[in-house]
Amino acid sequence: VLFGGVGFTALPMDLILGFVDRPRPVSPVEYNMKKNAYGNRAQELMVVGNGLKEREKDLEGKKGFAIRRQKKKLMTEMNKFKQAVLVLEEDWETVKRAKENRGENALLSISRLVLGVITAVFTLLWTIHIVFGILITINGVPLLGFLNVLLEAIEDSGVQVMATLVFAALNFHLLACVVKGCFKFGMRVFCLFPIHPMRVGDTPLNSFLFNLVLILFGTCAVVM
């Protein structure tokens, strides 16, 4: 419920903002300025990371209430550090694409915008269905059937395959919202669990497993 609710808005907004803030061609002067700024930031993060490693080594093997509090605080700072590194890496990759590829591929940008609009529509449909088809009832009867009625109407029209595809798309959207919501929530609430972003060609195995378990848990709620 928590992650899905966060992902309902985060998923379409990130896709649409990804189109709005897509990499654009930059001049050599601007590129060098950003490169130096990101390089300085990377050096600062390396110093912070080395300090966190030293603190982690100092706490190894120690026990006690005070030690547990220090470890919890260290985990929070580790997650903040990972977030800062992730943001820096994404910003740098954006600048590299802007310089080397003279911006982002137009087809990719348009696809991101179209997908953002589609997920926004799905979010709106699910929101209306949850409010008027689940939360608001009259004598135990939902005020509106909405998505149930819509899917039944598509099926009764003789296009059963289309009803199946729409049903699958709506449920896949829920799972995508859960994963996006978990990532967004982890980027804001550092003390609960580390963030596990999924990036093409650069996703560690533990992040795959974490998101897989999350999807499996979400699947149980979606199919019920």
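**Whole chain.** Keep in mind that the model is predicted. Show the chain as a cartoon. Now walk from the N terminus: the order is α-α-α-α-β-β-α-α-α. The radius of gyration is 22 Å, well over the 17 Å that the globule rule gives for 224 residues, so the chain is more spread out than a compact globule. The spans are about 65 × 55 × 30 Å.

**Surface and interior.** Of the 224 residues, 29% are buried. Residues 24 or more positions apart make up 69% of them.

**Charges.** Color the charged side chains. There are 26 positive and 19 negative charges, and their mean positions lie 8 Å apart.

**Helix α3.** Select residues 65-100. This is α3, with 36 residues. How far does α3 reach from its first C-alpha to its last? The distance is 52 Å, close to the 52 Å expected at 1.5 Å a residue.

Stay on α3 and show side chains. Which residues of α3 are buried? Start with I67, L74, T76 and M78, which are among them. Continue along the helix with N79, Q83, A84, L86 and L88, also buried. V95 and A98 complete the buried set of α3.

Finish by selecting R102. This residue follows α3 and has a positive phi, near 55°.

Note on methods:
Residues are numbered from 1 along each chain as its sequence is written. This is a predicted model: local features need pLDDT of at least 70, side-chain atom pairs count only at pLDDT 80 or more; totals for chains, interfaces and linings use all residues. Side-chain values use heavy atoms; hydrogens and water are left out. Helices (H or I, at least four residues) and strands (E, at least two) are DSSP runs, numbered from the N terminus. The radius of gyration is taken over C-alpha atoms; the globule rule is 2.2 Å times the number of residues to the power 0.38. Buried means under 20% relative accessible area, exposed over 50%, partly exposed in between (1.4 Å probe, protein chains only). Contact means heavy atoms within 4.5 Å. Lys and Arg count as positive and Asp and Glu as negative; His and the chain ends are not counted. The place of a charge is taken as NZ of Lys, CZ of Arg, CG of Asp or CD of Glu. The expected span of a helix is 1.5 Å times one less than its number of residues.
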